[in-house]
Amino acid sequence: MTTKPESAGKPAASTQRLLRAIPKVDEFLGWLVPPPAAPASLVKSSVRQLLESLRQEILKGAPIKPADLSQAALLPRFSALLAARLRPNFRTVINGTGVVVHTNLGRSLLPEAAMESLLAVGSRYSNLELDLATGKRGSRYSQVEDILCELTGAEAALVVNNNAAAVMLVLDTLAKGREVIVSRGQLVEIGGSFRIPEVMSRTGAKLVEVGATNRTHLGDYEKAISEETALLLKVHTSNYRIIGFTSEVPLAELVALGARHNLSVMEDLGSGCLVDLSRFGLAKEPTVGEVVRAGVDVVTFSGDKLLGGPQAGLIVGKKEIIEQIKANPMNRALRIDKFTLAGLEAVLRLYFDEEKAIAQIPTLAMLAMPLAAIDRKAKRLRRLIGKELGSVCAVELKNITSMVGGGSLPEQPLPSRGVALAPLDRSVNELEKGLRELSLPVLGRIEDDWLLLDMRTVADKEVVLLANCLKEVFEDKKQ
Ligand SMILES: *Cc1c(COP(=O)(O)O)cnc(C)c1O
């Protein structure tokens, strides 16, 4: 390179020798006989990428010997690089973390019925926006609106891209340029940059904070009401708990206050349960139906948290308000696609029969899974790997705790069973990394120098795959 600044100086003679020993692109291509089964342009750009990374390593002073630049040394490196570029970046993993609604691993898994529906509308034409009764243009929301109303008792409903979008859309519609009263105990950050105060300022709504972090009383809301007030907002603190000396205004009282002052009341429910999960020993979360029955004007919640459906933001409430929201031009920018709609309708239909919902919706099934069923999977996995890995890794069954995840029920411990691994030939961190980098990556968690694989979030049909992954990771080291 001739553009190198003078001050950087010339590379040392040994470095220059190494740089000269890097093969030229055409020379390298000549080594590839037979040529790899990949598009020629991708092969060539991969060669360039490899040679450039060698150059950078040498310039950075990495310990590289001339032998490392030989055909014998570079061809395997090239094959690995090309293979990595040929395999999809976005692929499936095995979730051994025990976090059921794992935000980084795709949150909720869809039930079979939803997958069939996705496949059908993806490969065939559909009545996405056609009213089959009249032959006229219809609205995509109408496919799920009745079902949502039936399941929640709301008068009307609308679905957008996700719950963050739902919150923004409602605030933009009802409170732009006006004031929204929120308790200081509910100024939630959901992760990333979604914080209630920032969302508000984006929509042009003015946040009026009332009360203290731990205690807010009805009188605090009442005192803050003015000519400028547009909305009373309750945010369900789904991802944290305020405990100790605390007080929150019951929803019914907030609704009554709104009615006295002719103000709308909104609840951002976050996780959005349609069934009461306390029957499985989980903490009581308000269901959407309960919030609607309390008289709230508009409720927002996620499609892919405790509901167990696709990513979506569901908005249910009073007809007059939902109509205003539907008419907001922002709605068009936040609309859901046909896959979401197909998946969502199928999932919602399962809720008509609560037992069916719990059995077939993976998120609910995993939360309700009896310990005995988890234990069976753990024992099966140990049986499959025990003999083969016995000499390189200690394998034990342990009582562990799963988490709901997705910012839902943060304090809820779920007793579970895990297969615990303590490798003898490497550190537990190396094992964790090795599993994560397999072509079918496996995610677990490290506790007290054990790698734990929580079998609650590993499906029956994945146990054999997981066993093979574990064998593969130890096989690699032996080579
Ligand atoms: C998760 C959550 C959101 C955001 O929902 P997404 O579906 O992730 O967009 C908003 N509000 C609350 C209270 C939440 O828990």
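## Domains and overall layout

Domain bounds here come from an automatic or database domain assignment. On that basis the protein chain of this predicted model is divided into domain 1 (13-86), domain 2 (94-103 + 368-478) and domain 3 (110-360). The C-alpha centres of domain 1 and domain 3 are 53 Å apart. Domain 2 is written as two segments, 94-103 and 368-478.

Taken along the principal axes, the C-alpha atoms of the protein chain fill a box of roughly 85 × 60 × 55 Å. The secondary structure amounts to 19 helices and 14 strands. Of the 479 residues in the protein chain, 47% are buried.

## The largest pocket

The largest pocket holds about 1,400 Å³ of space. Its lining consists of 38 residues, and those nearest its centre are Leu 109, Pro 362, Ala 459, Lys 461 and Glu 462. Two or more lining residues come from each of these elements: strand 1 (94-95), helix 5 (112-123), helix 15 (354-360), helix 16 (362-368) and helix 17 (371-389). Helix 17 contributes the most, with 5 residues.

By residue class, the lining of this pocket has 19 nonpolar, 8 polar and 11 charged members.

## Nonpolar cores

The largest nonpolar core has 88 residues, and within it Leu 381 and Leu 421 touch the most other members. Helix 19 (residues 463-478) supplies the largest share of this core, 7 residues. Domain 2 (94-103 + 368-478) and domain 3 (110-360) both give residues to this core, so the core lies between them.

With neighbours within four places in sequence left aside, Leu 381 is in contact with Val 419, Leu 453, Met 455, Val 463, Leu 466, Ala 467 and Leu 470. A second, separate core has 31 residues, including Ala 175, Val 180, Leu 231 and Ile 321.

## Ile 58 and Thr 15

Domain 1 (13-86) can be looked at through two residues. Ile 58 is part of helix 3 (residues 40-59), while Thr 15 is part of helix 1 (residues 13-21). Is Ile 58 buried or exposed? Its relative accessible area is 4%. Buried means under 20% relative accessible area, so Ile 58 counts as buried. Thr 15, with a relative accessible area of 17%, is buried as well.

Which residues does Ile 58 touch, not counting those up to four places away in sequence? They are Thr 15, Leu 18, Leu 19, Ile 22, Ile 64 and Leu 69. Thr 15, with neighbours within four places left aside, is in contact with Ile 58 and Leu 59. Ile 58 and Ser 14 are 44 residues apart along the chain, and their C-alpha atoms are separated by 9.9 Å.

Notes:
Residues numbered from 1 in each chain as written. Predicted model: local features only at pLDDT ≥ 70, side-chain atom pairs only at ≥ 80, totals over all residues. Heavy atoms only, no water. 1 Å grid on protein atoms, 1.4 Å probe; cavity = no way out; pocket = protein on both sides within 12 Å on 5 of 7 lines; lining within 4 Å. Points joined across faces, edges and corners; volume = space filled by probe spheres on them. Helix = DSSP H or I, 4+ residues; strand = E, 2+ residues; numbered from the N terminus. Nonpolar A, V, L, I, M, F, W, Y, C, P; charged D, E, K, R; others polar. Core = buried A, V, L, I, M, F, W, Y, C linked by side-chain atoms within 4.5 Å. Buried < 20%, exposed > 50% of the residue type's maximum accessible area, 1.4 Å probe, protein only. Contact = heavy atoms within 4.5 Å.
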